[in-house]
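Colleague: I would like to learn how to read the contacts and the sheet in a model like this one. Could we go through them together, one feature at a time?

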Amino acid sequence: MLRIPCPCCGLRDETEFTYNGSAEAPRPTDPEDGAAAAAYVYFRANPRGWHAEYWHHAQGCRRWIKVIRHTVTHEIAASGWPDEDLPMPEAAPNTGKAGR
Amino acid sequence: MRYSVFSLARAALNGHKSWPQAWRDHALRDRYRVIVVGGGGHGLATAYYLAKNHNITDVLVLERGYIGGGNVGRNTTIIRSNYMLPANEPFYEHSLKLWEGLAQDLNFNMMVSQRGVLNLYHSDSQRDAFARRGNAMRLCGVDAELLDVDGVRKYAPLLDFDNARFPVQGGLLQPRGGTVRHDAVAWGYARAADRLGVHIAQTCEVTGLVIEGGRVAGVETPHGRILADKVGLAVAGNTSLVAQMAGIELPIETHLLTAFVSEGLKPFIDGVVTFGAGHFYLSQSDKGGLVFGGDLDGYNSYSQRGGLAEIDHVLTAGIAMVPAMSRVRMLRHWAGRMDMTMDGSPIICTTPVENLFLNGGWCYGGFKATPASGWCFAHTIAAGEPHPLNRDFTIERFRTGRVIDEKGAGPRPWLQ
Ligand SMILES: Cc1cc2nc3c(=O)[nH]c(=O)nc-3n(C[C@H](O)[C@H](O)[C@H](O)COP(=O)(O)OP(=O)(O)OC[C@H]3O[C@@H](n4cnc5c(N)ncnc54)[C@H](O)[C@@H]3O)c2cc1C
Ligand SMILES: [Zn+2]
């Protein structure tokens with residue numbers, strides 16, 4: 001069970017939240033740019049390591065939050081509001097090497 | 001040695017000490033015609049069909065762990081071809097047809113058991129959706145039967161038919177669906193490929209791809225560089241990271257899926273039954289254990305370690321479908337990393353790097369696809385262009401809008 005620190009409600013169980021994927025790329029601003037839209041919608045970061053992602057505190061304050069979580073250890077380094085610039089912890093190079 | 005009743009009898013006479021190794025270890029050559037990265041079901045099947053269908057035997061399969069240690073040995077072993085979209089159905093039906101003759105073809109008993117796959121429905125709209133899918137299957141010449149509640153009662157009497165919230169109204173049955181012993185698939189393909197001259201190297205990780213002038217020339221490993229005319233990637237949950245070695249971005253996210261096995265029981269359920277009011281699927285192994293699973297954990301992860309929240313969710317759904325399960329003890333559970341695409345359908349294609357080919361994005365349905373995936377990927381590698389059955393499984397479809405979204409879940413891989 002993940003324990004997610006909501007900036008409004010504090011540390012809460014994963015089951016109170018719904019996930020909405022990567023928060024790494026900004027939404028493209030040009031509505032005519034199909035290639036940028038495809039990149040934003042489909043070609044998301046899939047790092048083995050730290051990952052910025054959106055969660056919705058559906059059964060709490062009902063606000064969207066941003067979380068920096070590690071995709072191997074599931075450790076959470078930071079959380080904040082969606083427009084906050086959260087610092088990424090030092091990451092080991094993303095080599096895809098063994099180690100489960 | 002051919003496996004047969006005679007070889008079994010002969011080996012029995014000397015206490016089963018005469019069985020040769022199923023596949024051999026070889027000293028690695030400096031260069032191969034084709035290197036397949038990833039020794040899971042798909043990589044091994046690809047190597048086998050390269051040798052068998054295309055006469056390319058100078059092939060090396062590189063596996064960073066051991067054969068059978070990936071998803072090929074972690075799945076819930078269900079095979080079926082109950083898809084609806086024209087890009088998917090002929091491909092999965094080809095796979096099911098290959099399963100039907102695979103034990104003879106590979107000379108390895110992988111216990112293909114066509115015990116049927118039944119998808120329950122619990123509402124009128126679900127029935128209509130299943131009728132539509134069944135009709136689409138039948139238009140492709142595939143078996144599908146819409147059962148009413150009495151038909152389901154005969155097939156799986158233990159279900160909670162009168163559940164107040166989700167009464168069972170009927171189900172869509174594919175009688176030719178079923179289960180296959182998954183480790184035997186890895187071992188059977190490895191042994192058959194070895195017999196045809198393919199080299200298999202375990203505990204040998206690919207750490208880099210050698211690319212010169214836009215064309216792949218080989219791979220880097222801890223044992224040094226190995227050259228190849230062509231390289232095929234079939235690394236399942238690791239697909240994004242290995243493709244990144246060639247600078248290829250993919251519409252894939254890696255997620256967790258957990259499988260469960262209970263203590264052994266007397267015959268409890270015949271076929272594979274899936275719940276329509278939640279994500280849950282159940283079958284019984286030949287040893288008697290109930291084998292089941294449900295949803296993904298729901299967030300990106302490479303950990304191969306499922307969380308308790310999802311375990312609780314799956315067991316709750318299971319008990320809603322089969323209340324008798326509440327008295328059954330769970331023996332073990334484990335998770336695999338799934339290469340989830342943004343439309344739930346796979347990728348088998350050429351890439352922007354010349355002579356580099358990609359097979360991935362199998363989500364949690366890739367086990368049933370193993371034979372056809374190997375068949376089509378071998379063709380794609382040998383011919384340098386896709387087989388008609390995998391023509392639509394491109395990366396480009398995500399840029400052109402021609403996604404193959406069976407479920408209509410949209411670009412939410414954790415919901416596919
Ligand atoms: C719990 C669970 C239940 C499932 N249930 C079903 C089911 O009922 N029916 C169904 O059809 N599908 C099911 N699936 C999906 C199916 O198992 C997978 O889609 C399929 O096995 C993936 O293909 P594979 O066999 O080639 O993968 P794998 O066996 O994972 O093979 C990939 C291999 O690549 C290796 N590799 C990775 N990186 C490198 C590298 N850099 N160098 C060398 N080797 C590398 C890995 O070690 C691994 O052995 C399930 C999966 C899971 C986890
Ligand atoms: Zn909150």
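Colleague: How many salt bridges does the rule find across the interface of chain B and chain A?

Modeller: Please keep in mind throughout that this is a predicted model. As a general idea, side chains of opposite charge can pair when their charged atoms come close. Across the interface of chain B and chain A, the rule finds 1 salt bridge. The partners are A:Arg44 and B:Glu253, whose side chains meet with an N to O distance of 3.2 Å.

Colleague: Which elements of chain B give two or more residues to the side that touches chain A?

Modeller: Those elements are α7 (239–244), β12 (252–264), β15 (289–300), α8 (308–321) and α10 (397–400) of chain B, and of these β12(B) gives the most, with 5 residues.

Colleague: What area is buried between chain B and chain A, and what part of it do carbon and sulfur atoms give?

Modeller: The buried area is about 2,800 Å², and carbon and sulfur atoms give 51% of it. Within the share that chain B buries against chain A, B:Tyr299, B:Asn300 and B:Tyr302 supply 23%, which is more than any other three residues. Counted by contact, 37 residues of chain B touch 29 residues of chain A, and the rule also finds 14 residue pairs in polar contact across this interface.

Colleague: How many salt bridges does a search of the whole structure find?

Modeller: Over all chains, the search finds 23 salt bridges. One of the pairs within chain B joins B:Asp58 to B:Arg29, with the closest N and O atoms 2.7 Å apart. B:Asp58 lies in the loop between α2 (41–54) and β2 (59–62) of chain B, while B:Arg29 lies in the loop between α1 (5–13) and β1 (31–37) of that chain, so the pair ties together parts that are 29 residues apart in sequence.

Colleague: In what order do the strands of the open sheet in chain A stand, and is the pairing parallel or antiparallel?

Modeller: Strands of a sheet pair through backbone hydrogen bonds, in either a parallel or an antiparallel way. Here 4 strands of chain A form an open sheet in the order β3-β4-β5-β6, with antiparallel pairing. The edge strands, each pairing on one side only, are β3 (18–22) and β6 (76–80) of chain A, and neighbouring strands of the sheet are turned by 30° against each other on average, direction ignored.

Colleague: How many bridges join β4 to β5 of chain A?

Modeller: Strand β4 (residues 50–56) and strand β5 (residues 64–70) of chain A are joined by 7 bridges, and A:Tyr54 stands opposite A:Lys66 in β5(A).

Notes: Residues numbered from 1 in each chain as written. Chains lettered and ligands numbered in written order. Predicted model: local features only at pLDDT ≥ 70, side-chain atom pairs only at ≥ 80, totals over all residues. Heavy atoms only, no water. Pairing = 2+ DSSP bridges. Axes fitted to C-alpha atoms, helices over the stretch in contact; angles between N-to-C directions. Contact = heavy atoms within 4.5 Å. Buried area = accessible area lost by both parts, 1.4 Å probe. Salt bridge = Lys/Arg side-chain N within 4 Å of Asp/Glu carboxyl O. Polar contact = N/O pair within 3.5 Å; in protein donor to acceptor, adjacent residues only side chain to side chain.
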